[in-house]
Amino acid sequence: MRRTLTMAAAVAAALLLPAGPLPGAEAGGAAQAAVGRWSAREAQAFWTAERMASAAPLPPAEPAPPAAGPSDPVVPPAPEAGPASPSTSTPPPSTSTPPPSAPPAPVRRPAAVLPGVLPAPATPGVGQNFDGIPVVGRMFVVKGAGSYFCTASVVASPGRNLVLSAAHCLLGADTRRVAFVPRYTRANPQPYGMFPVLRDAAGRSRIWIDPRYRSRGPDRAAGLDVAFAQVGPNAAGVPVQSVVGGNRLVTGAGYAHPQVTLIGHPSSAARPRRCVNRTTKFTSRDARIPGSFLRIDCTGYPGGTSGGPFLVRYDARTRTGDVVGVIGGWKTGGDTADTSYSSYFGSDIRKLYAKAVAGAKAG
C-alpha cells in the first residue's frame, strides 16, 4: 500500500499480495471457501465480527521486484503498512473535462448533514476521523487468520459492480478471496455486507491494471497507479452500486482543484479519515519516478489509505462525488503521512476504465 520512507518500501508496496494459493480458515474456524469459488456468503462465513476485529494488516510479500533498468538499482522489499439510507441514484461516468462553470461542492449545514458525514473542517488540510460514507471502504483478504489492506471506492458503471483503488494494492500474483467492505468501522464492520472481487473461469481475479504498470514497476510507471476490480453482489444478491451508490469517474480535469475531499482507512484506526483541501500539480524531478501528479496536503494518512479517492463536487445528499484521483503514484502515494499524491486521471485511465466496463459486461 502506501506511506513508504524508502524506494525499497515502494517496491514492496507494489507487490502487496503474495504469490501462491491463499489459505482458508484455520481449523475450528469458519468454513473454508471452496476452490474455484468465492461469493459474498463465503466471505461472510469467514469474516465473522470476531475475526474482523482481530484481523491484522497484510504482512509484506517477498516476490522478486520488477526488472531493473540499466541505471535502476535492485533493492529488497520492505514492509508496507495496511490497517485499521444509501443512495441508488448516481450520475453516469464522465470522460471529459468538467465545464469551467461547474458548481463548487455544496455547502453542508452542520446540524443537518446525514449520519456519519462531518461538516467541512474549519482548517483546510486537517484530517478528521469519522464514520465514513457508503461508497468508500476497506479491502479484506483471506490469508491466515484474516488480513486487511488498502482503501477502495465504488465507481459508477453500467454493470453497477466496479470498485476503484490503486494498482499497487492489487498487483500481487494472487488476489483470490479479496472482498470490499463499504463503510467499514470497527464498531460496525459490515453495515452493507461484503462484496467479493470476482474470479473468471480460470480462477484469475477480475482486476484491470495497465500492463505497463506490471512490466515497468511502481516507480517507472507511477503515473499509472490505478486499478479497477469487478465485485459480486452481497449475500442478498444486490450489486454494490445499487446498495451504496457510486462516484462518477472524471478524466482530463486538470491538477488544480479548489476543494477536494480525501477519504482513506488508516491502518491502525477504528474509523476512516476525511480531509478537505485544494490540490496542486506536482512534477517529479526524479528520473526514476517520472510524471506529474495531483498533490494534496492532508494530515494523518499513513499506511492503509492507499487507493482512497480524491472527490470533487461532493454531494452530502447522495454522499457521492466526482473521483479525480486515488492515493498512489508518487512513491505509491507519498513518503509522509501528511501529503498525498495521485496519478493523473487522463486518457490512459479513461481507456483502462472502458476496458474494465467491457470486461465486466462480458463476464
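Start with the largest nonpolar core, which has 53 residues. A nonpolar core here is a set of buried Ala, Val, Leu, Ile, Met, Phe, Trp, Tyr and Cys residues joined through side-chain atoms within 4.5 Å. Buried means under 20% relative accessible area, exposed means over 50%, and partly exposed lies in between (1.4 Å probe, protein chains only). Select Phe149, Leu170 and Phe228: they touch the most other members of this core. Now color α6, the source of the core's largest share, six residues. A second, separate core has 14 residues, among them Ala253, Tyr255, Leu262 and Val324.

A note on the model before moving on. This is a predicted model, in which local features need pLDDT of at least 70, side-chain atom pairs count only at pLDDT 80 or more, and totals for chains, interfaces and linings use all residues. Residues are numbered from 1 along each chain as its sequence is written, and side-chain values use heavy atoms, leaving out hydrogens and water.

Next, select strand β16, residues 339-343. Helices (H or I, at least four residues) and strands (E, at least two) are DSSP runs, numbered from the N terminus. Five of the five residues in β16 are buried. Show the side chains. Thr339, Tyr341 and Ser343 point one way, while Ser340 and Ser342 point the other way. In a regular strand, side chains alternate between the two faces of the sheet.

Pick Leu294 and look across to its bridge partner in β16, Ser342.

A salt bridge is a side-chain nitrogen of Lys or Arg within 4 Å of a carboxyl oxygen of Asp or Glu. By this rule there are nine salt bridges. Arg295 is partly exposed at 28%, and Asp297 is partly exposed at 35%.

Last stop: the salt-bridge network of Asp210, Arg212 and Asp348. Which residue forms a salt bridge with Asp210? Arg212 does, with the closest N and O atoms 2.8 Å apart. Asp210 is buried at 10% relative accessibility, whereas Arg212 is partly exposed at 30%. Now turn to Asp348, whose salt bridge with Arg212 has its closest N and O atoms 3.2 Å apart. Asp348 lies in helix α6 (residues 347-362) and Arg212 in helix α4 (residues 211-220), so this pair ties together parts 136 residues apart in sequence. Asp348 is partly exposed, at 31%.

How values were computed:
Pairing = 2+ DSSP bridges.
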